[in-house]
Amino acid sequence: MSLYIRYFGDSVLRQKGHKIEKFDDHLTKLSQDMLEIMHTSEGIGLAAQQIGKAIQFCVMEVPDHPEYPTTCILDGKPLSSSLIMPLSLANPVVKTLPSDEYYYEEGCLSFPGINADVARPERIVVTYQDLDGVEHTLECDGLLARCIQHEVDHLNGVLFIDRMEKPTFAEIKKEVQTLKQKTIEGIKSSKGQIVFLFLNEKKHQAGKSHYRGEFALRVAHLLHLEIHRVAIPKYSQAWNCHHLSSSKSTFRINAGCRGRLPWSTTPLRMG
Ligand SMILES: [Zn+2]
């Protein structure tokens, strides 16, 4: 089963995650897959609910923020937050520490293009288990503390729109409702959303094109793109693609995958 990001309107985002009981290779693989999806989508955190799994598990890779530098104490030892990245948290429980709340404009991979201010406590302590099941206590502040609060909310079916003040939510309400409607329609019709993919037949080379095409389709799926043109018939069938005309605006696929794979010259067309 392929993993892709679930948008608001998908009921899994409202489910409280089950406790992680097994710390095995499957969990390690899930962590790797989630980090890959998160990087591809240019996010800094991802909760299991966002890829359709209602379990108590999230991953993150939070950069040091110049305005909100993070202080970090792991199991009683102060250290640079960069040393614990990327971070996988199983069964995390957050407690806020006495500190001020502050506003920060948050985004969420399950709400593409929607950002708004959310107030959260500045300093927290989170207890969690790592991929081996070992328990840890992490005290932190700054962007890392905010990201952990956002992701742990997801694990309990709570979304950032629930944390917004009423006037803030009112400003984005229409967009949120539109997203919900599109998501529900997309789930019903088993399609993604808008946008085109174009495979360049001229670059089709035995052995390599298969991988390229598959990767491109995977990225398109992660980005919830509706695929309109595919050069390799077997993919057309597998992905239930449509053959429609191309669009005018174009962006390159390396915008989504940070150029980690050699597919940067093939255009991904948006409509
Ligand atoms: Zn989120």
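Is Tyr4 buried, exposed or partly exposed? In this predicted model, Tyr4 has 18 other C-beta atoms within 10 Å, so Tyr4 is classed as partly exposed. In sequence, 48 residues separate Tyr4 from Gly52, yet their C-alpha atoms are 7.8 Å apart in space.

The strands come next. Seven of them form an open sheet, with 7 strands in the order E1-E2-E5-E8-E9-E3-E4 and antiparallel pairing. At the edges are E1 and E4 (77-78), each of which pairs on one side only. Within the sheet, E3, covering residues 72-74, is joined to E9 by 3 bridges in the antiparallel sense. Here Leu74 faces Leu138 of E9.

The largest nonpolar core contains 45 residues, and the members that touch the most others are Leu46, Cys58, Leu144 and Ile148. Both helices and strands contribute: at least two core residues come from each of H1 (25-40), E1 (45-47), E2 (57-60), E5 (87-96), E7 (115-121), E8 (124-129), E9 (135-140) and H2 (142-155). The top contributor is H2, which gives 7 residues.

Leu46 shows how one of these core members is surrounded. Setting aside neighbours within four places in sequence, Leu46 is in contact with Met34, Ile37, Met38, Cys58, Val59 and Leu109. Cys58, one of these contacts, is also among the core residues that touch the most other members.

Notes
Residues numbered from 1 in each chain as written. Predicted model: local features only at pLDDT ≥ 70, side-chain atom pairs only at ≥ 80, totals over all residues. Core = buried A, V, L, I, M, F, W, Y, C linked by C-beta atoms within 7 Å. Buried ≥ 20, exposed ≤ 12 C-beta atoms within 10 Å, placed from the backbone. Helix = DSSP H or I, 4+ residues; strand = E, 2+ residues; numbered from the N terminus. Contact = placed C-beta atoms within 7 Å. Pairing = 2+ DSSP bridges.
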